[in-house]
Amino acid sequence: MKSRITALLILIFLLPGCANLPDQQSSKTGLTFTSISVNEDVTFTSHLTYDGPETFSSLGLLGALTSENERNSTAYRIEEHMKKNNIDVGKVIRNTFITELNKKGLYTASNISDYKLQLAVLTYGLSIPHGFSTELVPVLSVQATIKDNNNQAVWKGGKRLLPSPLSPVKSRSLAELLTNNDSFISLWQEAARHIASNSIGKL
């Protein structure tokens, strides 16, 4: 919990440079991609996280414990809402990466392709962009791995989108997200587009 509180204090002081931190890109030297398919399954390594305005409603140990419980409860409620309304973050991310591959003429829907892209969501959630905000922006970290027909990784890359006043995604209130499914889906589309374009653009 100490590390979480420290991260939240950083938001209060609006430290620069916390919006877009790219993961390292790596690939085999001289590799040229001709066609890439995308795995149907997008893996998730964590549940949705939530750091809303109530995080700063009280101070001290008791306040921190109360805030932690509220965050967990709200995060669960948001996840259940997404499941009930078929808001599939994995599907949004996969479709967005396909769009970016299409722009470069690399995507193929066929399983018979030279390379296959696997996507893994390391972190996803909602957070206020700074300590004085009452609205939310997405938090998203995606790792992209391209494998050859021998199932060997030949390229790895990704991008992390962290909460910041400079977030490329328009902020929304929690009430809007829970009552307007189109807005909620659009939020994830904007976040995925930012990550996909920066990742695929380096191929």
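Mentor: We will go through confidence, charged pairs, aromatic rings, one arginine and the core.

Mentor: This is a predicted model, in which local features need pLDDT of at least 70 and side-chain atom pairs count only at pLDDT 80 or more, while totals for chains, interfaces and linings use all residues. Residues are numbered from 1 along each chain as its sequence is written, and side-chain values use heavy atoms, with hydrogens and water left out.

Trainee: What is the mean pLDDT of the protein chain?

Mentor: The mean is 83, and 79% of the residues reach 70 or more. pLDDT is the predictor's confidence in each residue, from 0 to 100.

Trainee: Which elements have the lowest and the highest mean pLDDT?

Mentor: Strand E1 (residues 20-22) has the lowest, 39, and helix H4 (residues 174-179) the highest, 97. Over residues 1-24 the pLDDT is below 50, and in the model this stretch has 48 contacts beyond near neighbours in sequence. A contact means heavy atoms within 4.5 Å. Helices (H or I, at least four residues) and strands (E, at least two) are DSSP runs, numbered from the N terminus.

Trainee: And residues 60-66, how many contacts does the model have there beyond four places in sequence?

Mentor: There are 5, and pLDDT stays under 50 over those residues.

Trainee: New topic. How many salt bridges does the structure hold?

Mentor: It holds 4. A salt bridge is a side-chain nitrogen of Lys or Arg within 4 Å of a carboxyl oxygen of Asp or Glu. One of them joins Glu40 and Arg94, with the closest N and O atoms 3.6 Å apart. Glu40 sits in the loop between strand E3 (36-38) and strand E4 (43-44) and Arg94 in helix H3 (residues 89-103), so the pair ties together parts that are 54 residues apart in sequence.

Trainee: Are Glu40 and Arg94 buried or exposed?

Mentor: Glu40 is exposed, at 62% relative accessible area, whereas Arg94 is buried, at 12%. Buried means under 20% relative accessible area, exposed over 50%, and partly exposed in between (1.4 Å probe, protein chains only).

Trainee: What about Lys83 and Glu80, how far apart are they in helix H2?

Mentor: They are 3 residues apart in H2 (residues 60-84), about one helical turn. Lys83 is exposed at 57%, and Glu80 is partly exposed at 34%.

Trainee: Which residue does Glu100 pair with?

Mentor: Glu100 forms a salt bridge with Lys103, the closest N and O atoms being 3.2 Å apart. These two are 3 residues apart in H3, about one helical turn. Glu100 is buried at 9%, and Lys103 is exposed at 62%.

Trainee: On to rings. How many aromatic pairs does a search of the whole structure find?

Mentor: It finds 4. Rings of Phe, Tyr and Trp (its six-membered ring) pair if their centres lie within 6.5 Å; planes under 30 degrees apart count as stacked, over 60 as edge-to-face and the rest as tilted. The rings of Phe44 and Tyr124 have centres 5.3 Å apart and planes at 70 degrees, so this pair is edge-to-face. The pair links distant parts of the chain, with Phe44 in strand E4 and Tyr124 in strand E6 (residues 115-127), 80 residues apart. Phe44 is partly exposed at 35%, while Tyr124 is buried at 7%.

Trainee: Where is Arg172 found?

Mentor: Arg172 is in the loop between strand E8 (153-161) and H4, and is buried at 4% relative accessibility. Its side chain makes polar contacts with the side chains of Ser186, at 3.2 Å, and Glu190, at 2.9 Å. A polar contact is a pair of N or O atoms within 3.5 Å; within protein, one must be able to donate a hydrogen and the other to accept it, and residues adjacent in sequence count only if both atoms are side-chain atoms.

Trainee: Last one. How many residues does the largest nonpolar core have?

Mentor: It has 44, and Phe97 and Trp188 have the most contacts inside it. The largest share, 8 residues, comes from H5. A nonpolar core is a set of buried Ala, Val, Leu, Ile, Met, Phe, Trp, Tyr and Cys residues joined through side-chain atoms within 4.5 Å. Beyond four places in sequence, Phe97 touches residues including Leu117, Val142 and Ile195.
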